[in-house]
Amino acid sequence: MNATQARTWQRQLEEKIRTRTARVGIVGLGYVGLPLAVEFARAGFGVTGIDVTVSKVERVNAGDSYVLDVPSGTLGPLVSAGALRATRSFSAVAELDTINICVPTPLRKSKDPDMSYIDAACREIAQYIHPGMLIILESTTYPGTTDEFVLPLLEKTGLRVGEDFFLCFSPERVDPGNPKYQTTNIPKVVGGITPACTELGTLFYSQALETVVPVSSTKVAEMVKLLENTYRMINIGLVNELALMCDRMDINVWEIIDAAATKPFGFMPFYPGPGLGGHCIPIDPFYLSWKTKQSGIEARFIELAGYINGNMPHFVVDKIQTALNNHSKPVNGARIHVVGVAYKRNIDDMRESPALDVILLLRKRGAVISYSDPYVPHLKLDGITLDSTPLLDSAANADCVVIVTDHADFDYRGLIASSKLIVDTRNAMKAFASEKIVRL
Ligand SMILES: NC(=O)c1ccc[n+]([C@@H]2O[C@H](COP(=O)([O-])OP(=O)(O)OC[C@H]3O[C@@H](n4cnc5c(N)ncnc54)[C@H](O)[C@@H]3O)[C@@H](O)[C@H]2O)c1
């Protein structure tokens, strides 16, 4: 491949992107991939989503969204107009010009990165990759993944990066349930293996997203995401530790944070809670600590924050037990109603939700558990299935109510009237003063 041919591929792809005739592919149609597919379809591109989960492919093709931030009213017309379709078959890659990889990156039990999803997706793509393609990894991962792990899989085909195809990393920053910031108006960081890769990646995103921030390499782009998530994880660890201290000293931690947040510079409020949930905050920093360990550096802040945050469900359960004891009620046999089980407010995502730990720990101590969550009608754990029950009736029948997730549409005023005892892990009852409320 000579430099002139490489330049030609780049120019051709630029032209297709500018004229929005580039055929866009999104691999992995989950919380990240589906909103992205919708944005590019809305921008006028023909989009093909590839996912291994049959039910998701069927629902996308029926215009029926399973992601809260993507209304079916938005998805349906794009599918009907032929702007967006889904398939299980990677043979579609042969017809595509660009691919965004948005597959899961969980941790193994050992807390090592589970790269099997990226590996599987890249091996499939490699079967159909062709010259002139732009491939962008979006899955959160350790620094070095794009050039050490993805690139060799794609170059095994004999094609060369920066010449025959272009490869970038662009961290996904979506915040499910955030009404203000969604895929289109969250600035998009992108870094390529070569300058030509970065140029193409920047051009590509700027067609559908408001702000694109090019950086000098894939490693920088990967590290940006890990800094953002590690920053949150550590600061949450700090306020969780503060909450433990305040509990000992009988000081209201929430009041302290609110007052500190009146400082107009140099302070950003983070809040304590029952533990970390979701993918980004509890898991991603361990991708960084795993990687740095290989260079002989212990990521001590991450390990410490992970330890403190991981202990919060235990602290909450101790707090419930003490509150019950103060009402002369043993936890063994107590009826405890959990309010909110999703990992954060106003969403339906249960991944890593601290509610699961709280429920399991309470069951171990002999409590009888019920729960309410309008976003999570059924909950499977420990070999049993629980169904969400009506909030106020259930609260009235319980010895103790514990607020784990502060969804906006719960009737908190009604909860005070109905409950005997409320352990509030989210400061959801901030507006109310009552002897019944025990705050974190
Ligand atoms: N959910 C978030 O809030 C969020 C925010 C920022 C970054 N991320 C990152 O984005 C990535 C995706 O997360 P998500 O929340 O969208 O996950 P998800 O589980 O909602 O979606 C992933 C999708 O990929 C599909 N999939 C799995 N293996 C595949 C394969 N080999 N080929 C094709 N499809 C495959 C799954 O069926 C699923 O639909 C992760 O790395 C995550 O850390 C997530």
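1. Asp-175 is partly exposed, with a relative accessible area of 29%. Here buried means under 20% relative accessible area, exposed means over 50%, and partly exposed lies in between (1.4 Å probe, protein chains only). Accessible areas come from the Shrake-Rupley method with a 1.4 Å probe; for residues, only the protein chains shown count as cover. The model is predicted: local features need pLDDT of at least 70, side-chain atom pairs count only at pLDDT 80 or more, and totals for chains, interfaces and linings use all residues. Residues are numbered from 1 along each chain as its sequence is written, and side-chain values use heavy atoms, with hydrogens and water left out.

2. What does the side chain of Asp-175 meet in a salt bridge? The partner is Lys-344, at 2.3 Å from N to O. A salt bridge is a side-chain nitrogen of Lys or Arg within 4 Å of a carboxyl oxygen of Asp or Glu. The pair links distant parts of the chain, 169 residues apart: Asp-175 sits in the loop between β6 and β7, and Lys-344 in the loop between β9 (335-339) and α12. Helices (H or I, at least four residues) and strands (E, at least two) are DSSP runs, numbered from the N terminus. Lys-344 counts as partly exposed, at 23% relative accessibility.

3. Look next at Glu-172 and Lys-188. Their side chains meet in a salt bridge of 3.8 Å, N to O. Glu-172 lies in the loop between β6 (165-169) and β7 (188-192) and Lys-188 lies in strand β7, so the pair ties together parts that are 16 residues apart in sequence. Are these two residues buried or exposed? Glu-172 is buried, and Lys-188 is buried too.

4. Asp-258 and Lys-430 also meet through their side chains, in a salt bridge of 3.0 Å, N to O. This pair links distant parts of the chain, 172 residues apart: Asp-258 is in helix α9, and Lys-430 is in the loop between β14 (422-424) and β15 (437-439). Asp-258 counts as partly exposed at 26% relative accessibility. Lys-430 counts as exposed at 54%.

5. How many salt bridges are there in the whole structure? A search finds 22. Some residues are joined into a network of salt bridges: Lys-16, Arg-23, Glu-95 and Asp-97.

6. Helix α9 (residues 253-260) also holds Ile-256. Ile-256 is partly exposed, with a relative accessible area of 34%. Together with Met-245, Met-249 and Ile-251, Ile-256 forms a nonpolar patch on the surface, with about 360 Å² of accessible area for the group. Patches are made of residues with over 30% relative accessible area and no salt bridge; like charges are joined within 9 Å, and nonpolar side chains (Val, Leu, Ile, Met, Phe, Trp, Tyr) within 5 Å.

7. Now the second largest pocket. Its volume is about 480 Å³. On a 1 Å grid over the protein atoms alone, a pocket is an open set of points where a 1.4 Å probe fits, with protein on both sides within 12 Å along at least five of seven lines; lining residues have an atom within 4 Å of a point. Grid points are joined across faces, edges and corners, and the volume is the space filled by probe spheres set on the points.

8. Which residues lie nearest the centre of the second largest pocket? They are Lys-111, Leu-276, Pro-282, Glu-352 and Asp-357, out of 20 lining residues. Helices α10 (280-294), α11 (300-326) and α12 (354-364) each supply at least two residues of the lining. The largest share, 5 residues, comes from α11. By class, the lining has 10 nonpolar, 5 polar and 5 charged residues. Ala, Val, Leu, Ile, Met, Phe, Trp, Tyr, Cys and Pro count as nonpolar, Asp, Glu, Lys and Arg as charged, and the others, Gly among them, as polar.

9. Check two backbone angles. Most residues other than glycine have a negative phi. Arg-20 has a positive phi, near 60°. Arg-20 is placed in the loop between α1 (3-18) and β1 (23-27), and counts as partly exposed at 31% relative accessibility. Asn-346 has a positive phi of about 65°, although it is not a glycine. Asn-346 is in the loop between β9 and α12, and is partly exposed at 22%.

10. Last, a buried strand residue. Val-402 is found in strand β13 (residues 400-403). Val-402 is buried, with a relative accessible area of 0%. The C-alpha atoms of Val-402 and Gly-273 are separated by 12 Å, and the two residues are 129 apart along the chain.
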